[in-house]
Every structure is written in structure tokens, then in C-alpha cells.
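Visitor: Could you take me through one part of this structure slowly, the surroundings of a bound ligand, and then show me what lies beyond?

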Amino acid sequence: MSTSTATFDTLDDLDDGQRVLVRLDLNSPIEDGEPQDNRRFERHAQTVRELADAGHRIALLAHQGRPGREDFTSLAGHAEILASYLDHDVVFVEDIYGETATDAIEALDAGEVLLLENTRMCDDELPEEAPETKAETEFVQSLAPHFDAYVNDAYSAAHRSHASLVGFPLVVPAYAGRVMETEYEANTAIANKSFDGRVTMVVGGTKATDVIDVMNTLGETVDDFLLGGIAGELFLRADGAPVGFDLDPEQDLYDSQWEANHELIEEMLDERREQITLATDLASDDDGERAEESVADIDEKTVSYLDVGTDTAESYAEVVRDSEAVFVKGALGVFEEEPFSVGTVRVLEAIAETDCFSVVGGGDTSRAIEMYGMDEADFDHVSIAGGAYIRALTGQPLAGVEALKRS
Ligand SMILES: Nc1ncnc2c1ncn2[C@@H]1O[C@H](COP(=O)(O)OP(=O)(O)OP(=O)(O)O)[C@@H](O)[C@H]1O
Ligand SMILES: O=C(O)[C@H](O)COP(=O)(O)O
């Protein structure tokens, strides 16, 4: 067993010269049918490189999208992107567990790497079922005999009880890959570490339910919740400001979420008002220029707000500088457009400059670090997970991690 605080084996425990089945999460944005490069490739490449350099024979499993959605594609393009991060070829095999796949697996030489087709193209993969059921599927039973070890590196998919994540650990000795190990350690820190000083959580983004879940479960641990994004605007609406609704009937960023969650948001404000900080100013797009308004001066919402204002950004940065630990989930604005990156970037820069324990999570939000030239090394951890990150922060078990612990 390695020195990790988790109770699963890691690559440090793997014997030499193994035939290894490795589950990655290469789920990516798809544009014009092609996967777009993102941090997941770079991170998982480190695990794959380590295994290849150690002379293991490596078959990779991953998924893309879901059946019926536009992002449900083959993994051929993913193999090319992954190969670009490795000093090894990645051979793409257009099969998951049939003879084509097993023949290719048996033909692997030491250090060679192949990627099997999208696991979600196989009927056994998706239905959320118990690990015991998944272990009995044809998918798992057909592939398992070809391997000495199973490595789960797909932390960001570990909240799913799918065959490739929970079935194999019951029938093949299982290990956590480096991404799994690092993500697990950092994201469970809020539950496992104790902090003497101020603990701050910056919550924004598009999903009010993420913010409500985090406040519900971490309300006793976190001293200050700093709000922004669409979620923050919904809280402002619950607080009486005339914002937090859709201007365009074609758009549904706010109204459905308001219908579904406004009572919970109002209760949260009642119960935790002193812990919750809302934006005091907001920014919008005025003919391509950033325009700012104080929330107190807004009589009627006539524009879409795309960021918190500069005063809010500065006061949030001040709280960060006074914190011993800072956790981030969701962006404070549409940081992908430079004029509306102020809130997200000022807060991230304050975290980077401050000697606090810091974790930045969310598939989208973590991109801001790279986009605005910040150094990932200035953060304790930058998570590539969205749903799994939220579940880990709120102390919920992840099916894939639980299966590893059982192996
Ligand atoms: N006011 C706003 N209007 C529209 N979009 C916003 C606004 N504020 C933030 N966003 C968007 O929120 C997104 C990030 O939040 P999201 O809820 O997707 O969370 P995440 O934690 O990064 O990702 P995920 O959970 O999807 O992995 C950004 O892409 C940003 O553009
Ligand atoms: O991209 C992700 O967040 C994970 O791969 C999980 O994907 P899913 O939400 O389609 O199950």
C-alpha cells in the first residue's frame, strides 16, 4: 500500500511487466465532429507515460458523450491527441471487447499502448447498476481475462456506476492511476484536513444546484461563501434585487433554475446570511465595452450581466488574501471573453499570490488559469473534474473510488 491517505492501491504497488487495462476520462468538447484538446489529455498522458516507460502492455478505455447526443463520437481523434502528449504511438482499435479488440490486446509488446473504442457504444456500460452486476456483464467478463491489472485514472467520471469504472475492480486487481490519486487527495481535503484560519469558498458558474449542495453540506466548515455567475445572480434575485431572470424568451439560463430552486435559495439566505457574500456591482456588455453598475442602482434588468463588477472582485480578492484555505467551484463571469474575466481572474490571481491551501475545480472554470497565463503550480490543486469534484467536496462517495477501495 502506498503512503496515500486513501485506502486503495496505486501505481507504486503495481508489479513489473503487467498487462494493464487503464480507464481514462477523455470526454471532451466536440466541434465539427472532432474532439478538442484539453487538460484531460495532458494529465492522463502522465499516467500512461509512466506505465509505458515501466514496460507494461497497455490498453486504454474511455468514453465520449452519450448515445443520442451530438457529442457521442468515436475515439479515433482522441487517440491522436493523446499520442501528441506521449513519446509513444497510441493505436486506435475500433472495437471494445470483440475479437478485434482481444487480438490487438494479445499482440501488444512491452511499452505499447492502444485505445479501445468509446465504452458507451457498448450496451453493458451505461445503465447505473451495482458493481456486482457490472462485473458479470459480457463486456467485463470478455476483457478481464486478458489483463493482470486494472488501473482507474478516470476520477472525473468516478461518480458514475458504469461497467468500465466499477465492474473491473471486482474481477481484476485494481489500482488508482496518478490523476485519480492526486484528485482524490486534494478534493477530499476539505473533509479530511482541518484549518485553523478562515476557509473561503468561491462559488459561481451556471448551476444553482451545485451552489446549494455545497452550502448545505459545507456550511459548518466554510466561513465565507463568495458568490458570482448565474448562480450568484439568482441569489441576488432572492435577496430582492431586480436581476436573475431571462431577458430573452428563447434563452433559459435563469428562469427554470429559479422555479426549481428559489425556495431553497431563500431558505439558504435566511439561515446563512452572515456567511454569504453577494456581488455589490455587476458588469454588462455595452457595444463591446465593459459597463459596470452598482446593484443598489439597478431598478430594472435591461441587459445581461456577464461578470461581477470590479468593486466586488476587489473585495472578494481581499477575503481570499485573508484566508487559510480557498476552494473554487464555477466562474464569477463569462471569463472566456476577456472583458468579462475580471471577477474570475482577480480572485484566481489573489489565490495564486496568497500562501493559502487552494483547490480550483470545475471542467470549465479550471481553464481560466491557463487562458490568463497563471501558473498551475501556484495552486495546491487544479481539478479537471466537474460533477465528481462537487460530490467529493460535499463528502459523497464516488462509485468508482469505492470500487477501487474494495478491490
Ligand atoms: N453571468 C454569466 N452568464 C453566463 N455564463 C456565465 C456567467 N457567469 C459564469 N458563466 C459561465 O459559467 C461557466 C463555468 O461554470 P460551470 O457551472 O460550467 O462550472 P464548472 O464547475 O466550471 O464546470 P462543470 O461542472 O461543467 O465541469 C463558464 O464557462 C462561464 O462562462
Ligand atoms: O465529462 C465528465 O464530466 C465526465 O466524463 C462524466 O460524463 P457524463 O456526465 O456524461 O457521465
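Guide: Let's begin with Arg40, which has its place in helix 1, residues 39-53. (Helices are DSSP runs of H or I with at least four residues, strands are runs of E with at least two, and both are numbered from the N terminus.) Before we go on, a word on the model: it is predicted, so local features need pLDDT of at least 70 and side-chain atom pairs count only at pLDDT 80 or more, while totals for chains, interfaces and linings use all residues. Residues are numbered from 1 along each chain as its sequence is written, chains are lettered from A and ligands numbered from 1 in the order in which they are written, and side-chain values use heavy atoms, with hydrogens and water left out.

Arg40 counts as buried because its relative accessibility is 13%. (Buried means under 20% relative accessible area, exposed means over 50%, and partly exposed is in between, with a 1.4 Å probe and protein chains only.) Leaving out residues up to four places away in sequence, Arg40 touches Asp25, Leu26, Asn27, Ser156, Ile384 and Ala385. (Contact means heavy atoms within 4.5 Å.)

Now to the ligand itself. Around ligand 2 you will find Asp25, Asn27, Arg40, His63, Arg66, Arg120, Ser156 and Arg160. The side chain of Arg40 has an N or O atom 2.9 Å from an oxygen atom of ligand 2. For Arg120, a polar side-chain atom lies 2.9 Å from an oxygen atom of ligand 2. In the case of Arg160, an N or O atom of the side chain is 2.7 Å from an oxygen atom of ligand 2. (A polar contact is a pair of N or O atoms within 3.5 Å; within protein, one must be able to donate a hydrogen and the other to accept it, and residues adjacent in sequence count only if both atoms are side-chain atoms.) Taken alone, ligand 2 exposes 320 Å², and the protein buries 83% of that. (These areas come from the Shrake-Rupley method with a 1.4 Å probe; for residues, only the protein chains shown count as cover.)

An unreviewed UniProt entry places the feature "binding site" at Arg40, Arg120 and Arg160. (UniProt positions are given in the numbering used here, feature names are shortened, and annotations may be inferred rather than shown by experiment.) Arg160 sits in the loop between strand 7 (149-152) and helix 6 (163-167). With a relative accessible area of 26%, Arg160 is partly exposed. Apart from residues up to four places away in sequence, Arg160 touches Arg66, Arg120, Glu128, Leu165, Val166, Arg391 and Ala399.

Side chains of opposite charge can pair when their charged atoms come close. The structure holds 26 salt bridges. (A salt bridge is a side-chain nitrogen of Lys or Arg within 4 Å of a carboxyl oxygen of Asp or Glu.) In one of them, the side chains of Glu183 and Arg43 meet at 3.8 Å, N to O. This pair links distant parts of the chain, with Glu183 in helix 7 (residues 178-187) and Arg43 in helix 1, 140 residues apart. Both Glu183 and Arg43 are buried. They also belong to a network of salt bridges that links Arg39, Arg43, Glu183, Glu370 and Glu376.

Arg178 forms a salt bridge with Glu181, and their closest N and O atoms are 2.9 Å apart. Because Arg178 and Glu181 are three residues apart in helix 7, about one helical turn separates them. Glu181 counts as buried, at 14% relative accessibility.

One more pair is worth a stop. Lys301 forms a salt bridge with Glu233, with the closest N and O atoms 2.7 Å apart. Lys301 lies in the loop between strand 13 (289-294) and strand 14 (305-308), and Glu233 lies in helix 10 (residues 229-238), so the pair ties together parts that are 68 residues apart in sequence. Lys301 counts as buried at 5% relative accessibility, and Glu233 counts as buried at 4%.

Terms used. A residue is near a molecule or strand if one of its heavy atoms lies within 4 Å of it.
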